[in-house]
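Good morning, and thank you for coming. Please look at the sequence and the structure on the screen while I go through a few of the local features.

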Amino acid sequence: MAWFLGLGIGGIAVLVLSLIFDGVLEGLFGGVLDGLFDGLLSLPVIAGFLSMFGFAGAIVWGGTGLGLGPAVVAGLAAGAAAGGATWRFSRALMRDRSAPAPRREDLVGTAGSVVTAIPADGYGEVLLRQAGHPVKLAARSAVPVARGAEVWVESSLSSTSVAVRPVER
């Protein structure tokens with residue numbers, strides 16, 4: 001039973017090392033099996049298999065007293081299930097495609113409101129929504145704009161400032 005517990009603890013240690021070194025350990029073999037098993041031999045999958053094999057084998061052998069053979073079979077089944085689940089989960093995470101990051105040019109044409117009054121010769125502040133999030137930016141306008149007025153963004157001057165014009169209703 002000590003061998004099974006050692007394998008379970010060793011699997012957890014491999015998992016911790018793979019999380020800490022984030023792919024460095026996988027690169028030690030220089031891509032010898034690169035693409036051959038499509039991620040089935042990644043360190044998290046091996047760690048999941050080893051730890052479940054060890055702990056399930058120890059539980060069956062120590063808890064039921066059935067012996068080594070059934071403990072190995074139960075450990076292999078549990079390890080295969082854990083390794084397969086880890087492989088499917090990691091593939092799902094790798095396929096996750098999020099939307100591109102918003103750029104400053106995406107603000108052009110959006111509406112917002114003036115937070116700090118904008119003088120004709122200086123900067124004020126506006127509150128806009130970018131990708132659903134409120135963003136407060138410095139703003140310039142050709143004409144003075146009072147606090148609370150609704151504005152449209154005409155252009156993006158920098159990553160922190162925009163040129164606006166008041167909305168006429």
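Predicted model: local features only at pLDDT ≥ 70, side-chain atom pairs only at ≥ 80, totals over all residues.

**Strands and the barrel**

Strand β4, residues 150-156, pairs with β5 in the antiparallel sense over 5 bridges. Strands here are DSSP runs of E, at least two residues long, helices are runs of H or I with at least four, and both are numbered from the N terminus. Two strands count as paired if DSSP finds at least two bridges between them. Within this pair, Val 153 stands opposite Val 164 in β5.

Residues are numbered from 1 along each chain as its sequence is written, and side-chain values use heavy atoms, with hydrogens and water left out.

In what order do the strands of the closed barrel run? The barrel has 5 strands in the order β1-β2-β3-β5-β4, with mixed pairing. From one strand to the next, the twist averages 55°; the axes are lines fitted to C-alpha atoms, for helices over the stretch in contact, and angles run from 0 to 180 degrees between N-to-C directions.

Ser 161 belongs to strand β5, residues 161-166. Ser 161 counts as buried because its relative accessibility is 6%; buried means under 20% relative accessible area, exposed over 50%, and partly exposed in between, with a 1.4 Å probe and protein chains only. Not counting residues up to four places away in sequence, Ser 161 touches Tyr 123, Ala 138 and Ser 156, where contact means heavy atoms within 4.5 Å.

**Helix α1**

I turn now to the helix. α1 covers residues 2-21, 20 residues in total, and reaches 28 Å from its first C-alpha to its last, close to the 28 Å expected at 1.5 Å a residue. That expected span is 1.5 Å times one less than the number of residues.

Which residues of α1 are buried? They are Phe 4, Gly 8, Gly 11 and Ser 18. Seen down the axis of α1, these buried residues fall within an arc of 90°, so they line one face of the helix; the arc is that of the directions from the helix axis to the C-beta atoms. They pack against α2 (43-64) and α3 (68-95). On the other side of α1, Ala 2, Trp 3, Ile 9 and Ile 20 are exposed.

Finally, Gly 8 is buried because its relative accessibility is 0%. Leaving aside neighbours within four places in sequence, Gly 8 is in contact with Leu 50, Ser 51, Gly 54 and Phe 55.
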